[in-house]
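Please look at the sequence and the structure below. A short report on some local features follows.

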Amino acid sequence: MSSLSEKSMAKIGFERFIPQIDISDKKSWFWRHGVELPEIFVPLWQLLVNETLLAEVSSKGLHDFLGFNGRIFLSMVMPDELIDKLRLEDYFKLINDLRPDATIIPDNYTYVDDPLFLSWSQTVKLISFANDFLKLDIPLIGMVKGANHLQIDWAIKKQVEMGYVSFAMPARELLEDNLLEDLLPGAIMSLRRVSKRTRRDLELLIYGVGHRLRHKEINSYSNLSWFLEAKQGHYFKGGKLHSFKDPEIRFEECTCEACGGMMPQELIDLMLSDKELGLKTLALHNLLDMNEALKRGR
Ligand SMILES: [Zn+2]
């Protein structure tokens, strides 16, 4: 890797909760249904697997296509099989066409059980992309990733040296594999140390987890759980997941903007009479509940 550049960057200033949306499913475009939140994440991979959609969004740009006036952040967190398909020029072209307000740097794949040289070469690649992305003229979000503490620590240090101050940590797979609590505390410690040493104020967003984690250093969360769980008929209350039929909550009225006093039982009835409207209401309820629950944890 050639020597690293440096750039002065301002913090993104993440909201406490930033919903991810599904760009291929308008039911997740909550602003069309009267709910206003200032920021969203759009996962790039949803466009990469749909050529027609990609062509249309590329010709209009994300803002025009979505009709969303807030800030749109592009997420590069993607399935492994898509990662190797994109070269630097592809990323630059996509970003130029899509015109997001900020972008995460490209994802890599690191597995804790890979031979170390593989995960190190991926970590070096991450830093190399972080360096190349400095050429872009939009705000950037660094990535907290690595197969072990050493790699995570090194990747954070290098990115901060380049000027990165806002970071996203993809956490869904780590949580599923029961590795998140092995790696997250070390990542937080690395961020704290390098922040102290460089006197830079850093921020950390946890990407892909649908509930609050117990670390107070986390500034922000982003997920699609509010929408995915609604499709499964799951209902959030106080930031926790319930089955619709859970007797504990089934007959409790909800005063959120979407429910307007309806209880889960009434949502079930609504779904039976008008599936579309019921699902839409449940998804918006989940979104508002998650937003409130995460804000309270501040
Ligand atoms: Zn509600």
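Where does Asn178 lie?

## Basis of the report

This is a predicted model, in which local features need pLDDT of at least 70, side-chain atom pairs count only at pLDDT 80 or more, and totals for chains, interfaces and linings use all residues. Residues are numbered from 1 along each chain as its sequence is written.

## Two residues with positive phi

Asn178 lies in the loop between α8 (172–176) and α9. Helices (H or I, at least four residues) and strands (E, at least two) are DSSP runs, numbered from the N terminus. Asn178 is not a glycine, yet its phi is positive, about 65°. It has 8 C-beta neighbours inside 10 Å and so counts as exposed.

Arg99, in the loop between α5 (88–98) and β4 (102–104), also has a positive phi, near 50°, and is a residue other than glycine. Arg99 is partly exposed, with 15 other C-beta atoms within 10 Å. A residue is buried if 20 or more other C-beta atoms lie within 10 Å of its own, exposed if 12 or fewer, and partly exposed in between, with C-beta atoms placed from the backbone.

## Helices α7 and α9

The axes of α7 (residues 149–162) and α9 (residues 180–198) come within 9 Å of each other and cross at roughly 30°. Axes are lines fitted to C-alpha atoms, for helices over the stretch in contact, and angles run from 0 to 180 degrees between N-to-C directions. The two helices are therefore roughly parallel; angles under 35 degrees count as such, over 145 as roughly antiparallel, 65 to 115 as roughly perpendicular and the rest as oblique.
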